[in-house]
Amino acid sequence: MPDYRFETLRVELQDYVATVWLDHPPVNAVNTQLLQDLTLALDQFGADPDVRCVVITGQGKVFCAGADLKNRGQMLDQPGGLSQHSRRTRELFHAIRECPKPVIAALNGPALGAGLGIAASCDILVAAETASLALPEVDVGLLGGVKHAQRLFGHSRLRRMMLTGMRVSGAELYRLGVVEACVPVERLLDEAGTIARQIAAKSPVSVQLMIQTANAIEDMSLRDGYRYEQDMTAQVAKSEDAREARQAFLEKRPPVFKGR
Ligand SMILES: C/C=C/C(=O)SCCNC(=O)CCNC(=O)[C@H](O)C(C)(C)COP(=O)(O)OP(=O)(O)OC[C@H]1O[C@@H](n2cnc3c(N)ncnc32)[C@H](O)[C@@H]1OP(=O)(O)O
């Protein structure tokens with residue numbers, strides 16, 4: 001099992017749930033190290049049978065302040081610096097989305113710009129009352145986060161956020177259906193942990209193929225989507241977990257899933 005030690009993250013693993021704190025003080029801004037650490041952590045969680053669900057949250061009062069504005073000049077001065085940084089950012093978003101274990105964003109505070117990108121790449125979002133989402137790129141002469149935000153917001157709200165940098169509060173995110181829950185900050189990890197443990201108790205094979213299917217069919221036609229889903233149904237039906245679930249049902253006992 002990997003020891004999960006990172007310069008910009010803290011990781012705790014308990015009951016098949018890996019909780020990751022973005023830990024880059026003071027505001028968890030996204031620099032190269034954080035991009036590399038989080039991408040590697042997700043790759044490792046994906047391969048670790050002791051991890052069945054991942055929760056990402058922020059250390060301190062901010063989930064993630066987005067691009068590290070303090071070292072941006074230095075990065076832009078290096079030849080190819082911006083394209084390398086953009087590629088690493090895409091790789092991180094991809095690693096979250098393609099992680100075979102479901103990833104829950106537990107938004108403890110503002111998630112801005114690239115921080116919104118991290119949140120929107122996750123499978124499930126829960127928010128503290130102190131949370132907010134925004135695209136402040138227009139305040140700092142940048143552009144980004146639009147593709148991610150399209151997954152969360154309707155046309156007019158998104159355009160307003162993009163063009164004004166408007167911050168959407170945790171309560172409003174709940175009202176809009178962007179997050180699953182909005183709770184006092186001290187209850188945030190309990191809320192996320194409850195969902196994570198519910199997922200961890202299910203068949204890992206079924207859960208993994210379920211999110212793989214949901215991701216794969218997102219951009220497919222109805223016909224291709226049904227076909228893909230039915231191919232996956234055939235695959236999951238052959239798993240040991242499916243056999244165990246059938247047996248447990250007949251024996252009127254809870255199933256013991258092995259993830260095979
Ligand atoms: C392509 C992708 C683009 C993007 O991601 S664009 C998004 C860029 N991000 C931003 O524009 C966010 C700017 N920051 C803020 O709005 C606020 O800050 C926060 C809401 C995150 C936190 O507010 P508060 O709790 O009042 O803290 P504070 O006094 O404003 O900041 C504390 C320290 O954090 C540094 N900091 C804030 N944001 C960033 C950042 N994005 N990159 C690097 N450092 C940042 C500050 O400078 C300061 O530091 P010091 O104590 O040394 O003065």
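Tutor: A disulfide is a pair of cysteine sulfur atoms within 2.5 Å. This is a predicted model, where local features need pLDDT of at least 70, side-chain atom pairs count only at pLDDT 80 or more, and totals for chains, interfaces and linings use all residues. Residues are numbered from 1 along each chain as its sequence is written, and side-chain values use heavy atoms, without hydrogens and water.

Student: Why is Cys122 too far for a bond with Cys99?

Tutor: The closest cysteine sulfur to that of Cys122 is in Cys99, 9.7 Å away. Cys182 is in none either: its nearest cysteine sulfur, in Cys122, is 17 Å away. The structure holds zero disulfides.

Student: Why is the pair of Tyr4 and Phe45 called tilted?

Tutor: Rings of Phe, Tyr and Trp (its six-membered ring) pair if their centres lie within 6.5 Å; planes under 30 degrees apart are stacked, over 60 edge-to-face, the rest tilted. Here the centres are 4.9 Å apart and the planes at 45 degrees, so the pair is tilted. Both Tyr4 and Phe45 are buried.

Student: How do you know that Arg10 lies over the face of Trp21?

Tutor: A charge sits over a ring if NZ of Lys or CZ of Arg is within 6 Å of the ring centre and within 35 degrees of the ring normal. Arg10 is at 4.0 Å from the ring centre of Trp21. Arg52 lies over the face of Tyr16, also at 4.0 Å from the ring centre.

Notes:
Buried means under 20% relative accessible area, exposed over 50%, partly exposed in between (1.4 Å probe, protein chains only).
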